[in-house]
Structures are given as structure tokens and as C-alpha cells.
Amino acid sequence: MSDTLAALLLGILEGLTEFLPVSSTGHLLIAQHWLGARSDLFNIVIQAGAILAITLVFRERLWSLATGLRERENRLYLAKIGAAFLVTALVGLPVRLLGWELPETVSPVAIALILGGVWILFAERIAAGRPPSTRVTWTVAILVGLAQVLAGIFPGTSRSGAAIFMAMLAGTGQRSAATEFVFLVGIPTMFAASGYAVLEYFLKGSGGAAGGEAWGELGLAFVAASATGFIAVRWLMGYIKQHSYAPFAFYRIALGAALLLWLPAGG
């Protein structure tokens with residue numbers, strides 16, 4: 001397979017899996033086992049493509065919030081997005097600096113996929129027994145922030161998955177309301193994470209390696225991640241209006257089991 005086709009496939013995979021509760025890490029781990037590992041810069045750039053996608057999907061909602069600051073409800077909603085982001089930053093940055101993160105190798109990722117699948121089924125069961133609520137409380141905002149940190153420590157957990165189902169368990173029982181809030185929190189979170197990763201990349205002296213980067217392949221992967229991410233998020237927001245997240249849970253459990261069985265533990 002050519003490097004260009006491999007870059008295209010990796011971009012598509014990132015866009016499809018970044019915001020679905022299936023773990024982009026687990027999928028990229030499998031893909032790079034067959035397609036070859038890529039540079040840190042490549043991985044940062046395709047994640048930026050996914051951020052662009054979600055910003056485009058929610059552009060009208062973002063504009064509505066930005067232009068509706070006179071309304072108390074909008075101010076509170078934005079404040080809760082800010083609170084979730086601050087919790088993630090204030091807790092997550094020290095965790096990152098201390099190196100509290102499991103390696104992105106098969107065993108921990110596979111176990112996180114399986115446990116995440118069980119977590120989804122548990123959250124769906126609890127939420128089904130409660131009246132559906134669209135209300136995002138301060139407790140929900142804080143717990144969403146902490147869930148994002150947890151996902152950073154345990155690769156394979158899925159940032160969106162951990163946070164969505166934490167929101168559902170904490171009281172925002174309506175799937176679409178919980179998902180929208182988590183995705184909006186994800187915009188500043190992922191922008192900040194990508195910016196920090198770029199800064200770290202160059203401070204470590206890896207910037208010199210950027211001169212050998214295949215920029216055409218990188219650009220292609222970025223566009224692919226943006227386009228497929230846009231499609232995936234639009235589809236998901238429609239899907240969850242009528243369906244539960246249970247199929248994603250079963251898929252995660254099956255994928256985690258397959259990783260443990262078929263790929264080498266240190267891969």
C-alpha cells in the first residue's frame with residue numbers, strides 16, 4: 001500500500017472514531033499495526049482536522065450562544081462549558097506533567113475498550129429508569145471535566161464516551177443533550193490539547209523532524225479527518241434521537257477482545 005493511501009485511510013479513521021464512543025486510540029492502534037506508525041506531528045494534525053469538523057457541525061449553536069449573551073440561560077451554559085474545560089485543564093495538566101498515563105499498547109487499550117463498553121451499558125440502563133432531562137447542572141459540568149482527564153490517563157477509554165455517559169449518570173439523561181454538551185466542551189479541550197502537543201513537540205526538539213514530513217500526505221489526512229468527522233458527528237446526533245448507545249458498547253467489547261486475542265501485547 002502506498003504511503004499516500006495509508007495517510008488517507010488514517011485520516012478517515014480518525015475522523016470517524018474521534019467523536020463516536022468507540023475510542024480513536026484503539027482504532028489507530030490497529031490501523032498503524034498494518035499501515036505503519038506515523039509521527040507525533042501527523043497524529044496532532046489529524047486530530048486538529050477532527051476539531052475543525054465538530055466546530056463546523058455546531059457552528060449555528062456556537063453562534064447562537066455567542067450572540068445570545070444577554071440571556072441568562074446562554075450565559076450559564078457557556079459558564080458550565082468553561083467550568084468543564086477548566087477542570088480538565090487544572091487536573092489534567094499536572095497529571096500529564098507527572099506522566100500518569102498508561103502506554104498506548106494493546107493490553108491497556110483493549111481492557112479500556114471492554115470496560116468502557118460495560119460502562120456504556122450501565123449508564124444507558126440507569127438513564128432509562130429516569131425521566132429524560134436536558135438540564136446541565138454544575139455537577140454535570142465538573143464530572144464531565146474529570147471524565148475527560150480519566151480518558152487521557154487510560155488510552156482506549158474514549159474522551160467523548162467517558163464524558164457523555166458521566167453526564168447521563170449525573171443527571172443529563174437525554175442522550176442528545178448530554179452529547180451536545182460534551183461535544184461543545186470538546187472544542188476548547190481539544191484545541192488546547194492539540195496546541196499543547198504542538199508546543200511540546202517543538203520544545204522537545206522534534207521540530208527538526210518536521211522538515212522530513214510528507215506535507216502532501218499530511219494535508220490529505222487532515223482534509224479526510226475533517227470531512228469524515230463532520231459526517232460522523234452529524235450522523236450520530238440524528239441517530240441518538242431514536243436509538244441508544246448500546247450497539248457501540250457491544251462493538252467496543254468485541255473489539256477489545258479481538259485486540260487481546262490477535263495482536264501482540266506490546267504492539
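**Notebook: patch, pocket, salt bridges**

I started with the nonpolar patch, and α5 contributes the most to it, with 3 residues. Helix labels here are DSSP runs (H or I, at least four residues; strands are E, at least two), numbered from the N terminus. I am working on a predicted model, so to speak of local features I need pLDDT of at least 70, and side-chain atom pairs count only at pLDDT 80 or more, while totals for chains, interfaces and linings use all residues. Numbering runs from 1 along each chain as its sequence is written, and side-chain values use heavy atoms, with hydrogens and water left out.

**Entry: the patch**

Which residues make the nonpolar surface patch? I listed Leu-86, Leu-90, Val-91, Ile-142 and Leu-146, which together give about 430 Å². Two or more residues come from each of α5 and α7. The patch rule takes residues with over 30% relative accessible area and no salt bridge, joining nonpolar side chains (Val, Leu, Ile, Met, Phe, Trp, Tyr) within 5 Å and like charges within 9 Å. Areas are Shrake-Rupley with a 1.4 Å probe, and for residues only the protein chains shown count as cover.

I then picked out Val-91, which sits in helix α5. Val-91 has 34% relative accessibility, so it counts as partly exposed. My cut-offs: buried is under 20% relative accessible area, exposed is over 50%, and partly exposed is in between (1.4 Å probe, protein chains only).

Val-95 is in helix α5 too. Is Val-95 buried or exposed? Its relative accessible area is 11%, so I put Val-95 down as buried.

Rolling a probe the size of a water molecule over the atoms shows where empty space is left. I looked up the largest pocket, and about 1,700 Å³ of space lies in it. It has 48 lining residues, and the closest to its centre are Gln-47, Arg-96, Glu-101, Glu-104 and Ala-193. Two or more lining residues come from each of α1 (3-17), α2 (24-35), α3 (40-57), α5 (72-97), α7 (138-153), α8 (159-170) and α9 (175-203).

Which helix gives the largest share of that lining? That is α9, with 8 residues. By residue type I get 20 nonpolar, 18 polar and 10 charged in the lining. The classes: Ala, Val, Leu, Ile, Met, Phe, Trp, Tyr, Cys and Pro are nonpolar, Asp, Glu, Lys and Arg are charged, and the others, Gly among them, are polar.

For the record, a pocket is an open set of points on a 1 Å grid over the protein atoms alone, where a 1.4 Å probe fits and protein lies on both sides within 12 Å along at least five of seven lines; lining residues have an atom within 4 Å of a point. Grid points are joined across faces, edges and corners, and the volume is the space filled by probe spheres set on the points.

**Entry: salt bridges**

How many salt bridges are there? I count 2, a salt bridge being a side-chain nitrogen of Lys or Arg within 4 Å of a carboxyl oxygen of Asp or Glu.

Arg-61 pairs with Glu-180, closest N and O atoms 3.2 Å apart. This pair links distant parts of the chain, with Arg-61 in helix α4 (residues 59-67) and Glu-180 in helix α9, 119 residues apart. Arg-61 is partly exposed, because its relative accessibility is 25%.

Glu-124 pairs with Arg-175, closest N and O atoms 2.9 Å apart. Here too distant parts of the chain are linked: Glu-124 is in helix α6 (residues 106-128) and Arg-175 in helix α9, 51 residues apart. Glu-124 is buried at 8% relative accessible area, whereas Arg-175 is partly exposed at 24%.

**Entry: loops and backbone**

Ser-23 has phi near 80°, lies in the loop between α1 and α2 and is buried at 3% relative accessibility. Ser-158 has a positive phi of about 85°, lies in the loop between α7 and α8 and is buried at 7%.

Last, Gly-36, in the loop between α2 and α3, is partly exposed, with a relative accessible area of 27%. Gly-36 and Ala-6 are 30 residues apart in sequence, and their C-alpha atoms are 8.2 Å apart.
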